[in-house]
Amino acid sequence: MSVPALSVRNAEKRFGAIHALRDVSMDAWRGEVTALLGDNGAGKSTLVKCISGVHRLDEGEILLDGRPAHLNSPAAARGAGIETVYQDLALFDNLTPAQNFYCGREIGFPAWLPRPLRFLDKRAMNREAAAVIDRLQVRLPKFDAPVAMMSGGQRQAIAVARATVFARNVVMLDEPTAALGLRESRKVLDLIVKLKAEGNAVILITHNMEHVVELADRAVVLRQGTKVGELKPSAQNRQDLVAMIVGAEA
Amino acid sequence: MREEARQTALRGTAAESGLLAVTLGLRLLGFGPVLILALLIVAASVGVPNFLKPINLGNILAQTAVIAIVAMGQQMVILTRGIDLSVGSNLALATVVGGLVYQAGGGGLAVIFAMLAAGMAVGAINGLVYVYGRLPHPFIITLAMLSICRGLALELAPGHTTMRGMPEAVKFLGGQTTLGVPNAFFVVVVVALLILMLTYAMVWGRWTYAVGGDPVAAREMGIPVRGVLISTYVFSGLCAGIGAVVLSGRTGASSPIYGNLLELDTIAAVIIGGASFLGGRGHLGHALIGAVMIGVIRNALNLLNVDIYFQMIAIGGVIVLAVEADVLRNRLEARARVLQAAKT
Ligand SMILES: Nc1ncnc2c1ncn2[C@@H]1O[C@H](COP(=O)(O)OP(=O)(O)OP(=O)(O)O)[C@@H](O)[C@H]1O
Ligand SMILES: [Mg+2]
């Protein structure tokens, strides 16, 4: 247990002239929630996307259980047990919740055919997805209607539920409660507790300090692409955390 | 406090009935193309002499077959937010390649294979250049291929003109009938069944919908977006090749001037049929309904001796209506989302 599930070492990422990540290092441990904090544009989503294989680091490396991992595509990251709830949710409006759940990892047969040519096992996918949505008590108007017709909260619930099903190692949630009311937020927070209890390393991005204090075992703060601090959040040091985020000297 | 609860409940029911109305509107829009097609057929049956004669209906089927087949390929491309402007020229080039193989002594199978391979090769170039050339939109490469294929077809065809002669197998598929039904119709059915299987039963089809629905999300979910895009252009090319077989079979010839403006007809068919131009939505039923609509409009106006220029205007007008219907559908959906949120 002395090795972090995920470590980022000396990460550098540039988008043209923008230096989005400068020498960022962080760890995430099994059974812990690591909050990733920072103002708008601090580089939080960029770091998440580097870990999830959407972006490639310019320099630095990512270790899974202490071993260098080559997460050069989202498929590779998902294969390594890293699930992500993206800030933009990455939901397909034209697909149903069940289709969204399994998009990119469809259950198909026979196994000897190349993946795109396999036949969809729709019954299995519908059954599993329905069971999960039921278990998570996500209220959906219609299970077989495209996601397009659903409200912001319902969409967010689907995206979070999708990540929780497949989570095996690391789960990253990029502002998962941004579009949610109090009741729905509470559900997502409960899910996070559950993910943590199941032994996942959870990385949570949020602007809500109450959630951080309540849930996070440690907090990593980014400012303008640089890591400016790391501490154990508590009600006492909440102000320090905020100061660190906005960059005011306390 | 009770007043507040009453207000909330009221808002809830208002949202409920509003949602019902919007859902109803969306349903109607969905059925629109079928209704219009039915009306067209009724109107033509009543108003156009000879329209219902079996020989004329057979004609419509035979004439519509090529548009229908190529439109089904076009529909797969439009589903992924793309467009294939090269299909008409591609078809012409495929017939010429087939004609050359025939003149070189190739038999039926060789000619058919050559036409399909030519179509797919052009499709592969479209897809590869679009994806790996990092073009902003497939419009540009398929437009270039529209020009290149037509030029190549004219260059390759001896005397830059029509070549007579096709093997029996090709004539059978494109020009003959079985039990009074044009064989071309059965070709359409086979292509439709193939697409049905690919899109509804197989992983590839699901991926095409995902890529069309949201290419960024598709990548984030680990779908090989580039491969999916390239494959849809290859598929569209294959459909152009099949169209080439049917058209050559019907005319018993190959020609570098075949398929002129076929890109317009097929795009029109897909859009008129009710698929979304914005991607992610549509199925082969849309392409087929649209193709039949165009076939019926053409045929009826022909029988009425309306000149060809007016036909072009009429079909253009229908396209504008269809695209507006698509826009309306998207707005209704956004409205439904708001009402849904208000309800819960
Ligand atoms: N694909 C991209 N191309 C160019 N610049 C980008 C790209 N993605 C992010 N950036 C830039 O990198 C910086 C960090 O962005 P990022 O999205 O990581 O911020 P964030 O911390 O997630 O902010 P927020 O709280 O607003 O979500 C910003 O300046 C942003 O403009
Ligand atoms: Mg962000």
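A salt bridge here is a side-chain nitrogen of Lys or Arg within 4 Å of a carboxyl oxygen of Asp or Glu. By that rule, R183(A) and E184(A) form one, with their closest N and O atoms 3.9 Å apart. Do keep in mind that this is a predicted model.

**Salt bridges**

Over all chains, the structure holds 16 salt bridges. Here are three of them from chain A:

| Pair | N to O distance |
|---|---|
| R78(A) and E83(A) | 3.4 Å |
| R183(A) and E184(A) | 3.9 Å |
| R218(A) and E230(A) | 3.4 Å |

Their surroundings are worth a look. Both R78(A) and E83(A) are buried. R183(A), at 48% relative accessibility, counts as partly exposed, and E184(A) is partly exposed with a relative accessible area of 27%.

The salt bridge between R218(A) and E230(A) ties together parts that are twelve residues apart in sequence, because R218(A) sits in strand 11 (residues 218-223) and E230(A) in strand 12 (residues 226-231) of chain A. Shared partners also link E32(A), R218(A), K227(A) and E230(A) into one network of salt bridges.

**Magnesium site**

The magnesium ion (ligand 2) is coordinated by OG of S45(A) and OE1 of Q87(A), at 1.9 to 2.1 Å. S45(A) belongs to helix 1 (residues 44-51) of chain A, while Q87(A) is in the loop between strand 6 (82-85) and helix 3 (97-102) of chain A, so the pair connects parts 42 residues apart in sequence. Q87(A) is partly exposed, at 44% relative accessibility.

R134(B) lies in the loop between helix 4 (108-132) and helix 5 (138-156) of chain B and is exposed, with a relative accessible area of 64%.

How values were computed: Residues are numbered from 1 along each chain as its sequence is written. Chains are lettered from A and ligands numbered from 1 in the order in which they are written. This is a predicted model: local features need pLDDT of at least 70, side-chain atom pairs count only at pLDDT 80 or more; totals for chains, interfaces and linings use all residues. Side-chain values use heavy atoms; hydrogens and water are left out. Helices (H or I, at least four residues) and strands (E, at least two) are DSSP runs, numbered from the N terminus. Buried means under 20% relative accessible area, exposed over 50%, partly exposed in between (1.4 Å probe, protein chains only). Donors are N, O and S atoms within 2.8 Å of the metal (3.2 Å for Na, K and Ca); water is not among the atoms, so sites may look incomplete.
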